[in-house]
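Biologist: I've got a new model open on my screen and would like to talk it through. Can you take my questions one at a time?

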Amino acid sequence: MHEFGSMPSMIQYVRAGTLRPLGVTTPARSDVLPDLPTVGEFVAGYEASDFYGLAAPKDTPSEIVARLNQEINAWLNDPAIKARLPTLEE
């Protein structure tokens, strides 16, 4: 079986040895698995990547947007969260 999945959802299985990755779909190798080639290294021009985002209604008060921004950034900078989401910088 062949499947594409995001690094955060798959890394636990790779680390446990229950999943053998063949390549990453991003244009550059991952800092998390630097020995794993990109698909583009053997299929010229191939690239696919994920995007994650948050949205709020257009009339959301600026203080709420600022608070959400503050809390989300604090969460993303938490060492325990960074350890669980190893590809935040990618």
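What follows is a short chat about this chain, which is a predicted model.

Biologist: Okay, on to H1. Within what arc do its buried residues fall, seen down the axis?

Modeller: H1 covers residues 7-16, and its buried residues are Met7, Met10, Ile11 and Val14. Seen down the helix axis they line one face, because they fall within an arc of 120°. In general, residues three or four places apart in an α-helix point the same way, because there are 3.6 residues a turn. So the arc for H1 is 120°.

Biologist: Is Thr38 buried or exposed?

Modeller: Thr38 lies in the loop between H1 and H2. Beyond its neighbours within four places in sequence, it's in contact with Val24, Thr26, Pro27, Ala28 and Arg29. The cut-off for buried is under 20% relative accessible area. Thr38 has 4% relative accessibility, so it counts as buried.

Biologist: How far apart in space are Thr38 and Thr26, C-alpha to C-alpha?

Modeller: Those two are in contact. They're 12 residues apart in sequence. In space, C-alpha to C-alpha, the distance is 6.5 Å.

Biologist: And how much accessible area does the nonpolar patch on the surface have together?

Modeller: The patch is formed by Phe4, Phe42, Val43 and Tyr46. Tyr46 lies in the loop between H1 and H2. Together, the four have about 420 Å².

Terms used. Residues are numbered from 1 along each chain as its sequence is written. This is a predicted model: local features need pLDDT of at least 70, side-chain atom pairs count only at pLDDT 80 or more; totals for chains, interfaces and linings use all residues. Side-chain values use heavy atoms; hydrogens and water are left out. Buried means under 20% relative accessible area, exposed over 50%, partly exposed in between (1.4 Å probe, protein chains only). Helices (H or I, at least four residues) and strands (E, at least two) are DSSP runs, numbered from the N terminus. The arc is that of the directions from the helix axis to the C-beta atoms. Patches are made of residues with over 30% relative accessible area and no salt bridge: like charges are joined within 9 Å, nonpolar side chains (Val, Leu, Ile, Met, Phe, Trp, Tyr) within 5 Å. Accessible areas come from the Shrake-Rupley method with a 1.4 Å probe; for residues, only the protein chains shown count as cover. A salt bridge is a side-chain nitrogen of Lys or Arg within 4 Å of a carboxyl oxygen of Asp or Glu. Contact means heavy atoms within 4.5 Å.
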